[in-house]
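Subject: Structure for you to look at

Hi,

Here is the structure I promised to pass on.

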Amino acid sequence: MNDAIFSQLDFGPINEFLMDDNVTDISYSNNGQVFLKTLTKGVYKVERPDINNALMEKLAFQCSNVMGKTFNMAHPFLDAESTELRLNFVHESIATNGIAVLIRKTPAKIRLNKDKLLKEEYVTEDLLNFLIDCVHARCNIIVSGETGSGKTELVKYLASNTREDEKIISIEDTLELHLDRIYPNRDIVAMKTNNIASYTDVLVTCMRQNPIWILLAEVRSAEAVLAIRNSISSGHHIMSTIHADKAASIPMRMYSLLESSQDTEQFLSSIHRYVQLGIYVKGYMSKRHNRFQREILEVCEFYVDEDNNPCTNQIYKKSLDGTMSFNNPTQHLKDYCSIQGIVLGDDPFHLVTDKTETNNLKNPLEDPTPTTSNGVPVENNPVTQQAQINPVENNTINQQTVMNSIQTPVENSQVINSQSVNTNNNQINNISNINSIDVLDII
């Protein structure tokens, strides 16, 4: 819809919510119920008698008239779209409890920045720096999550960290990214699919434009899945979103969208080979923060082993009680990044440091050999270990070997000095070959 015409529509009392940057969605249903979705409070109901069926029907007919479409019992669905608004109407002949309307705001701005992400505990600083490094290394990234979890906003933020000389083409069926408007001086092309130009048609043209990045707003059809696979297998780099309940299930979710008899293992191997990272974000009402909270809960690395078997390395996981766990990236990801001139390092999350951060982190230490506070190795006999272990500088540490794992509780919010772990005589060249040592919740 032409924005000049769209701006002349009479939204009436709805304008109040359209002008509020905190409001992202306006939902109307059931003969007068109005629900708002905001960045800070999530979804809640507002009492607005002046927003009623008559107003929504009037708005629907205005949209249908300027679009040259019909909205009635014979044509009960209507979609309208401007640069920063998306409207969907369902006629009362289908929505039997009255006309149903959803207005979604898609502003041409990036709501996320580093200070906001860290302040609101959306992500840890180490993980954020790691993700930005992966963007600089042109890793293929797919963000998963539920509706309204902030997948598109995260993709916009990650895309904003691409290098200025890297050409971007976005392919969307409904415009949401708006990177061409946010960065008008960059080489960015926004393409929109419709009933004339499909994903496949647009993708063929897109590749002739020689982009570095191809951004697909959402993977929700077999055609979109094939577009992603064709893009990355031809040497382009992608970012996209998908509906999935966790990061590790992204490849299988893509396979389920294919609706074909393609060999499962072959497809999963191709996705694990070409997609480097999967991210899972979630939005929920947080009692601890007393507001609607969005945050990254999982980051997974995908790769194939020497036998072409699909493998997953869960780099980061955070449970809703705040417990975090990290694993360093494999050599596969480090090699991929090094080709692009980005060195991730052996320990990007500081799992082995002079001071182990206290925030319920589960950190694998560099040397799995248990030692006393004086740095003397404890024998492998579990009974001997318990008898010889000593307190380490104001921290009571109980160590027990179970299946080659050691659990170390830390008391009184103290931190463990890494000098208590003897690594001088036992250097481990490959940290991925050792077992993780869990640092339990701080009492």
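Is F71 buried or exposed? Its relative accessibility is 6%, under the 20% cut-off, so F71 counts as buried. Please keep in mind throughout that this is a predicted model.

**Confidence**

The protein has a mean pLDDT of 80. Residues at 70 or more make up 78% of it. Among the elements, helix α5 (residues 125-136) has the highest mean pLDDT, at 96. Strand β17 (residues 401-402) has the lowest, at 37.

One stretch needs care. Over residues 354-443, pLDDT stays under 50. The model has 146 contacts beyond four places in sequence for that stretch. Where pLDDT is low, predicted coordinates should not be read in detail.

**The six-stranded sheet**

Now to the sheet. It is open and has 6 strands, in the order β3-β2-β1-β6-β5-β4. The pairing is antiparallel. At the edges are β3 (42-46) and β4 (77-81), each of which pairs on one side only. Neighbouring strands are turned against each other by 15° on average, direction ignored.

Look at β5 and β6 as well. Strand β5 (residues 85-90) runs antiparallel to strand β6 (residues 100-105), and 6 bridges join them. F89 has V101 in β6 as its bridge partner.

Helix α3 (residues 53-67) packs on this sheet. The helix touches β1 (23-29), β4, β5 and β6. Its direction makes about 70° with that of β4.

**Aromatic rings**

Searching the whole structure gives 6 aromatic pairs. One of the pairs is F61 with F71. Their ring centres are 6.2 Å apart and their planes stand at 65°, so this pair is edge-to-face. F61 belongs to helix α3, whereas F71 sits in the loop between α3 and β4. The pair therefore ties together parts that are 10 residues apart in sequence.

The two partners can be set side by side. F71 is buried at 6% relative accessibility. F61 has a relative accessible area of 40% and is partly exposed.

Elsewhere, ring pairs link F130, Y316, F326 and F349 into a cluster. There is also a charge over a ring: the charged end of K41 sits over Y44, 4.1 Å from the ring centre.

**Loops worth a look**

Which residues have a positive phi although they are not glycines? N290 is one, with a phi of about 55°. N308 is another, with a phi of about 65°.

- N290 is in the loop between β12 (277-286) and β13 (291-304). Its relative accessibility is 66%, so N290 counts as exposed.
- N308 is in the loop between β13 and β14. Its relative accessible area is 35%, so N308 is partly exposed.

Then there is G322. This residue lies in the loop between β14 (310-318) and β15 (324-326). At 12% relative accessibility, G322 counts as buried. The C-alpha atoms of G322 and L297 are separated by 9.8 Å, and the two residues are 25 apart along the chain.

That is what I have for now.

Best wishes

Note on methods. Residues numbered from 1 in each chain as written. Predicted model: local features only at pLDDT ≥ 70, side-chain atom pairs only at ≥ 80, totals over all residues. Heavy atoms only, no water. Pairing = 2+ DSSP bridges. Helix = DSSP H or I, 4+ residues; strand = E, 2+ residues; numbered from the N terminus. Axes fitted to C-alpha atoms, helices over the stretch in contact; angles between N-to-C directions. Contact = heavy atoms within 4.5 Å. Phe/Tyr/Trp six-rings, centres within 6.5 Å; stacked < 30°, edge-to-face > 60°. Buried < 20%, exposed > 50% of the residue type's maximum accessible area, 1.4 Å probe, protein only. Lys NZ or Arg CZ within 6 Å of the ring centre and 35° of its normal. pLDDT = per-residue confidence, 0-100.
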